[in-house]
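Me: I am new to this structure and would like to learn how to read it. Could you take me through its features slowly?

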Amino acid sequence: MKRLTILGSTGSIGANTLEIVSAHPDRFQVKALTAGYNLELLLQQIEKHHPDLVSVMLADDAVRLRKRVGADGPEILSGAEGLIACATFPDADMVVSAIVGAAGLVPTMAAIEAGKDIALANKESLVTAGVLVMQAVAKKKIRLFPIDSEHSAIFQSLQGHRARDVRRLILTASGGPFLNHTPTSLRHVTLADALAHPKWSMGRKISIDSATMMNKGLEVIEARWLFDLPSEQIAVHIHPQSVVHSMVEYIDGTVMAQLGIPDMKGPIAYALSYPERLPLDLPPLDLCQMGALTFSQPDTELFPCLGLAYRALIAGESFPAVLNAANEVAVGAFLSKQILFTSIVDIISATLDQHQTVKLNHIDDVLHVDSWARDRAQDFLRQNLI
Ligand code: NAD
Ligand code: MG
């Protein structure tokens with residue numbers, strides 16, 4: 001029986017994780033849950049999974065929730081302290097890190113420091129603080145399993161092979177909803193257009209990141225830390241069918257790929273149950289019915305965010321944290337209809353231009369850089385308002 005804490009249980013990854021838990025009650029037990037503001041969904045999750053500890057963002061919501069769950073319900077905490085209490089809950093073996101954004105960094109680090117194995121969806125913690133996260137993973141001798149489908153595919157394609165035989169990693173990208181647009185036509189896309197991902201159903205922030213292809217840029221940085229390879233050995237191919245989830249090319253020219261239907265339950269289940277595979281109630285991948293699988297180079301003019309991510313990765317140290325923070329501010333502004341889609345890249349680029357390297361020795365250095373970049377991005381945002 002694996003005992004789980006789920007950080008971000010009401011999100012897309014959190015809810016998918018709980019569906020897998022429900023289908024395998026003999027394998028998993030939920031010990032702690034954290035969520036933002038969706039109390040109704042959280043309440044349903046509490047009633048179904050009976051965690052011992054729960055945390056929400058606001059103290060007022062914790063009071064409301066306590067009344068609803070009654071005396072037999074779990075202990076309910078709130079805020080940053082509640083999040084850390086759940087991330088480090090002594091009775092849990094594994095923490096599913098599924099908060100969106102840099103907000104996931106501190107609780108993920110706390111879970112690692114507490115010796116928990118991690119199933120990582122929150123790519124932003126590796127983007128912002130990859131060196132520190134991986135050092136902590138090594139020091140605490142815990143296992144960190146990727147949930148991101150590309151990284152799960154690479155992790156699976158590496159099984160049984162030697163790391164030193166790898167020539168390069170090839171991350172696949174669907175290209176998102178704007179694959180067939182031109183740089184000029186992108187100026188007129190709406191929020192609804194950007195949220196309508198052709199292949200994956202995901203949270204709002206990652207859906208916009210997929211439309212700009214910043215998501216792939218963040219994933220290149222995530223791969224750099226997970227698999228300890230430099231940017232020159234990490235390539236991106238556009239693959240609109242989203243069947244090949246990523247590949248590893250070896251020094252003898254062999255390419256190992258992992259294929260499947262685009263459903264996050266596959267990679268989540270693998271992270272939860274590695275090295276075993278769980279039976280999942282999903283439609284099979286029917287390659288014969290699928291038709292052609294195509295691959296092409298990403299159009300860097302159409303998707304300049306991908307280039308910015310490589311630029312930040314090569315600059316190193318604090319630059320990826322700046323990239324991430326500026327992206328979160330810009331995407332937030334686009335989601336609240338304050339700016340045009342094409343202004344997202346302008347805000348990130350301007351913020352990166354103003355940054356001077358800061359050495360990252362401690363998580364506090366990352367938080368400081370993150371807050372600096374948010375302030376700068378907000379300045380550019382004010383100049384950029386529609
Ligand atoms: P989501 O927006 O659907 O859910 C986010 C969860 O985090 C919610 O439970 C929300 O309440 C909570 N949350 C948000 N802000 C918070 C904060 N400041 N403090 C505490 N909790 C907070 O997001 P998602 O799509 O499930 O993505 C979660 C993470 O997984 C992201 O890092 C994303 O990049 C990654 N990921 C998602 C998918 C996917 O298919 N959705 C695929 C690969 C990777
Ligand atoms: Mg992904």
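Reply: Let us begin with strand pairing: two strands are taken to pair if DSSP finds at least two bridges between them. Please keep in mind that this is a predicted model.

Me: How many bridges join strand S1 to strand S2, and in which sense do they pair?

Reply: Strand S1, residues 2-7, and strand S2, residues 28-34, are joined by six bridges and pair in the parallel sense. To see one position in that pairing, look at Lys2, which has Phe28 of S2 opposite.

Me: What is the order of the strands in the open sheet of seven strands?

Reply: The order is S4-S3-S2-S1-S5-S6-S7, and the pairing is parallel. Strand S4 (75-78) and strand S7 (144-146) have a single partner strand each, so these edge strands are left with one side that has no neighbour in the sheet. From one strand to the next, the twist averages 25°.

Me: Which strands does helix H4 lie across?

Reply: Helix H4, residues 79-87, lies across S1, S2, strand S3 (53-56), S4 and strand S5 (94-97), and runs at about 145° to S3.

Me: In the open sheet of four strands, what is the order, and what kind of pairing is found?

Reply: Here the order is S9-S8-S10-S11, and the pairing is mixed. The edges are strand S9 (234-238) and strand S11 (255-259), and because each has a single partner strand, one side of each lacks a neighbour in the sheet. The twist in this sheet averages 20° from one strand to the next. Within it, S10 (residues 244-250) pairs with S11 in the antiparallel sense over five bridges, and Val248 has Met256 of S11 as its bridge partner.

Me: Which helices pack on this sheet?

Reply: Helix H7, residues 149-158, touches strand S8 (166-173), S10 and S11, and its direction makes about 40° with that of S10. Helix H10, residues 214-227, touches S8 and S9, and its direction makes about 150° with that of S8.

Me: Turning to ligand 1, which residues come nearest to it?

Reply: Of the 22 residues around ligand 1, those that come nearest are Thr10, Ser12, Gly36, Glu124 and Gly203. A polar side-chain atom of Glu124 is 2.6 Å from an oxygen atom of the ligand, while for Gly203 a backbone N or O atom lies 2.9 Å from a ligand oxygen atom. Of the 820 Å² of accessible area that ligand 1 has on its own, the protein covers 85%.

Conventions:
Residues are numbered from 1 along each chain as its sequence is written. Chains are lettered from A and ligands numbered from 1 in the order in which they are written. This is a predicted model: local features need pLDDT of at least 70, side-chain atom pairs count only at pLDDT 80 or more; totals for chains, interfaces and linings use all residues. Side-chain values use heavy atoms; hydrogens and water are left out. Helices (H or I, at least four residues) and strands (E, at least two) are DSSP runs, numbered from the N terminus. Axes are lines fitted to C-alpha atoms, for helices over the stretch in contact, and angles run from 0 to 180 degrees between N-to-C directions. Contact means heavy atoms within 4.5 Å. A residue is near a molecule or strand if one of its heavy atoms lies within 4 Å of it. A polar contact is a pair of N or O atoms within 3.5 Å; within protein, one must be able to donate a hydrogen and the other to accept it, and residues adjacent in sequence count only if both atoms are side-chain atoms. Accessible areas come from the Shrake-Rupley method with a 1.4 Å probe; for residues, only the protein chains shown count as cover.
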